[in-house]
Amino acid sequence: MRTTIILKTASNYLLPVLLVFSIFILLRGHYLPGGGFVGGLIASIAFILHSFANGLNKTKELLIMHPGFLLPLGLAISFLSGLAPVALFDLPFMTGLWSHDPIAILGSVGSALFFDIGVYLVVNGVTLTIIFTISESA
Amino acid sequence: MLTAILTGFLFSIFLVFVGRFFKGKLSILASLVPLGLFIYFTQFIAPVTNGEVIMRNFEWIPSFGVDLGFKLDGLSLLFSLMITGIGFLVFAYTSSYLKGHEYLDRFYGYLASFMGAMLGLVLADNMITLFVFWELTSISSFFLIGFNNTNPASRKSAMTALGITGIGGLFLLAGALLINNITGTYSISEMLTMSEAIRGNEFYFLMVIFIFGAAFTKSAQFPFHFWLPGAMKAPTPVSTYLHSATMVKAGVYLLMRFTPVLGGENIWNYTLIAVGGFTMLYSAVHTIFRTDLKGILAYSTISALGILVFLTGLGTKEAFLAAAVFIIVHALYKATLFLVTGIIDHQTHTRDVKRLAGLNKIMLPVGIAGILAAISSAGIPPTIGFVGKELTYESALHYESLAIFLMIGIVLTKIFLLYAGFVAGIKPFVGKLPEEHENVKMPGFLMWGPPLLLASLGVLFGVAPFIIESALIKPVVTAMGADASEIHLALWHGFNIVFILSLITIGVGTAMYFMIKPSKKLENGIARLDFISPENILEQFNKIFVSVSNFWTNFFQNGYLRNYISIIILFLVVLVGYIMINETRFTIDYNSLSKITVYEITTTLILIAGIFYTVFTDSRLAAVAAMGVVGLSICLIFVFYSAPDLAMTQFSIDTLTVILFVLVLYKLPKYLKLSDYKTRVRDGILSTIFGLIVTTLALEVLSEPVSKEVGEFYAANSYIEAHGKNVVNVILVDFRGADTLIEISVLSIAAVGVFGLMKLRLKMKDRRRYADRSLNEENLKK
Amino acid sequence: MEILLALMVGILYGTGIYMMLRRSMVKLILGIILLGNGANLLIFLLGRITKGAPPIIPGDSKVFTEAFADPVPQALILTAIVISFGLQSFAIVLVKRAHTVVRTDDLDEMNATDEDS
């Protein structure tokens, strides 16, 4: 794929900015529009943009591991956040747990946040796996 | 009691693990299971004789009124003793009969689970429990009939039996549901108290039909009888146990059980008399056309079952008594005859009655058993068979106006049965031993012991009927809803018309035995009428059914995707369209609608343009780009109408979809104009109508009031319960978190699927094959 | 506006079906996407549309004080959008795969379930 130098340069800076933005979207999801789904999608778009500009292999090097590994990781985090009340407090599966005092920026932190992080990782992993797989074999 | 029922099942599970120990000499140990159960049930004889009814109830699904309810009264006890007693003998017999068989353990497993199912059936007081065990007996019977599973005929018979009895089971279920609907209970004991209400109900007729459907199929009554002769493909112990002594009597048991609930009405009585009467005569006559010993016994069993149904139908106390006695009589002599047949088959390797004679000289104890059983079956004193036959005649004779017809029917039946009994029990043992059997050996004790014991019991009960009178017979009659205090069994009833009829029966039957010899000619004679037999008709029907459904399926599901879609849509259009034409009111409250601004108009126009460009462009790339425009327009609509989360998601997904398409597009083939103009117009019309219907539907729904209860609940509790202010997100990660968890799992599966599809290569072999095929097709096109 | 949206839903459904009835595999997928968009919009519409009141509890209050858009259909559609992406990508890959194997874009030539017929 032929890419312009501008896109190439820009994408190098855009990647961290977009990733931070995606995390911002993820974290504010409980109070304002956003959340794991959108955050994950934005993060994956950031990586895809990077891969278009710099080639797939560069992006893969950046990721260290195959995005497919995000799937079990994310699923595990989500599942464990649901399991936590069962294991720790003997409450029903997926009961919301909350910290008593709100933390700066995030507001009150709870099991739902970890669940959303799991969603974020899974969505990111799914999208990247699909797009990478297809662009590799296309 | 539950343990007793479950023992059979537990034993068969146990056999799965340690089966190999039971294949060798230890196999006789398996018979300890039914023996133990038999002893267990004998302890109930005393209380039941005193009129006690033992009830046990275990809650199963209390909310539906379905319990594991068990009831042990006279009727159940008689059957339980028969099941375990004959079961014991059959188990013992089997260990010798199938000695060294590769799957002996499997066989015992099936037999044991059948025994458990059958015990559950006769002890069940809850109709759902009854149904479950009823079906379990059908299933275990299926496995036992198909035990020689390498033989196609065996498999076919097993399927037929399962089909017929399985349909019967569904009738039973339907009956149970219907009765439950009226009485509000599944408990048979409670139904007894509501007998009046049930009989007076407008659905009484249906209930009777359902119960009959179940009983007639299970007990092989005409026209469902044909599965039973087929079931004789099973090893002989199975025929003895299931298809003469116990399982086939389940239908009769059901009728007897429901006599106090549903019986007494004309439709009940006359149907039973007609069906039972026809069956007994029809299959009794059939016996003289058979040369296979098991075939003869199969038809005489059907005939005996017919007699039992017939007696139940008579509905008098005398008839109930006769039925109770005849159950014992039949179990004793028919089991004996089957076991004897099994021995003959095992030792001489033939069951062809034409080739059997004079075996007495080799296996005297077997001969004695056979002859005693034949005498009992013929109703010659001093056997219990004589008592049974006298009672049967008496009850028919005392039946009001129909006495003369019933009498003729039953006497004729008995004559033919006598003939069948003689052919099966006496003929192989008397006369001159043919040369081919000179080297036949005497079987082991385990084989001849059981039939001899059963046959001797037949004589013992005949000489001293008081043994079973109060213990077994009276409680059965009581259980069927008649007063049993006056009953007195005796061998000698005095010289009366019944006795004269007995003499006639014996005389004519014996004469027949000497005059008619079983022959191939007779067998062929009846075979010519096969084309009108119910079995044949059913098979023809099956064939037609299969070909019609094949045609039907191929017509609608011809493998062309668009054909499927067209049919589904067409059906939907017709169905929904029809209702709409009749029901739609088209009242739109224009005031309740939101206003239209210029932004929305513009967005809508872009959307429509995008859609139609997607559809009509010839360039794939343009179509994909237009697709993206459509997605973005929808995204804008979400923005307009207070759905920021949706807008964000739609935007990201839209971007990704376009990327995805662009990545693969050039690897995909170019558009081709594959359809002609006519097809496109046709599809266009269909799609337009479908779109119109959806629009109308949406408008119609919009004019209905809406309930936002769920949304309001989430909104009200979002911050208080879940500490979140973005309600949509709170629903996703908290209120409906489990759903989301499943959703991300599904997404993961999709990703793994994509990965697998792209990364895994076809094996070389497959690739070559497909390549060859497409090459061939190209050549063909040329 | 509701009428306009209902019309739009109808157009999306109709064209979606029309595309699915074509014999080209790419058109089939485009049809599925159109149909999916139509379904999303239909759910959105039937949950009643509200202008300028997203289901987000404002500022310091703990509950809604004014009218708000129903969050339930929105949550439904959000999941549907993401799932449909999974479905689309799977369908695209399947089509591509089928194309490399049987070398045809004509759905009518892919009607055999096993190699003998």
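The legends below describe close-up views of a predicted model.

**View 1. Chain A as an arrangement of helices.** Chain A of this predicted model contains five helices and zero strands, and from the N terminus on its elements follow the order α-α-α-α-α. Of the 138 residues in chain A, 49% are buried, while the accessible surface of the chain comes to about 6600 Å², with 73% of that area belonging to carbon and sulfur atoms. When the contacts in chain A with a separation of 6 or more are considered, 67% of them are accounted for by residues 24 or more positions apart.

View 2. Once its neighbours within four places in sequence are left aside, the residues in contact with A:Ser22 are A:Gly39, A:Ile42, A:Ala43 and A:Tyr120.

View 3. A:Ile64, although not a glycine, has a positive phi of about 65 degrees; A:Ile64 is placed in the loop between α3 (56–63) and α4 (70–89) of chain A, where it counts as exposed at 78% relative accessibility. In chain B, B:His349 is likewise not a glycine and has a positive phi of about 65 degrees. The loop that holds B:His349 lies between α16 (317–348) and α17 (364–378) of chain B, and B:His349 is exposed, its relative accessible area being 66%.

View 4. Chain B has 33 helices and two strands, and 56% of its 782 residues count as buried. The accessible surface of chain B comes to about 33600 Å², of which carbon and sulfur atoms contribute 67%, and among the contacts of chain B between residues at least 6 apart in sequence, 78% join residues at least 24 apart. Most peptide bonds, by comparison, are trans. B:Pro223 is located in the loop between α10 (204–218) and α11 (227–231) of chain B.

**View 5. The hairpin of strands β1 and β2 in chain B.** Strand β1 (residues 54–61) of chain B is joined to β2(B) by seven bridges, and the two strands run antiparallel. At one of these positions, B:Ile54 has B:Leu72 of β2(B) as its bridge partner. The two strands form a hairpin with four residues between them, and in the turn B:Gly65 has a positive phi of about 70 degrees. Strand β2 (residues 66–72) of chain B is largely enclosed by the rest of the structure, because six of its seven residues are buried. In a regular strand the side chains alternate between the two faces of the sheet.

**View 6. Helix α28 of chain B against helix α2 of chain C.** The axes of helix α28 (residues 644–665) of chain B and helix α2 (residues 25–46) of chain C come within 14 Å and cross at roughly 180 degrees. This crossing makes α28(B) roughly antiparallel to α2(C), because angles over 145 degrees are placed in that class. From α28(B), the contact is made by B:Leu646, B:Gln650, B:Thr657 and B:Phe661, and from α2(C) by C:Val26, C:Ile29, C:Leu30, C:Ile33, C:Asn37 and C:Phe44. Taken together, the residues of this contact divide into seven nonpolar, three polar and no charged.

**View 7. B:Pro644 and its contacts with chains A and C.** B:Pro644 lies in helix α28 of chain B, and with a relative accessible area of 22% it is partly exposed. Not counting residues up to four places away in sequence, B:Pro644 touches A:Pro33, C:Pro54 and C:Ile56. Within chain B, the C-alpha atoms of B:Pro644 and B:Val728 are separated by 9.9 Å, the two residues being 84 residues apart along the chain.

Note on methods. Residues numbered from 1 in each chain as written. Chains lettered and ligands numbered in written order. Predicted model: local features only at pLDDT ≥ 70, side-chain atom pairs only at ≥ 80, totals over all residues. Heavy atoms only, no water. Axes fitted to C-alpha atoms, helices over the stretch in contact; angles between N-to-C directions. Parallel < 35°, antiparallel > 145°, perpendicular 65-115°, else oblique. Contact = heavy atoms within 4.5 Å. Nonpolar A, V, L, I, M, F, W, Y, C, P; charged D, E, K, R; others polar. Buried < 20%, exposed > 50% of the residue type's maximum accessible area, 1.4 Å probe, protein only. Pairing = 2+ DSSP bridges. Areas by Shrake-Rupley, 256 points an atom, 1.4 Å probe, with all protein chains shown as cover.
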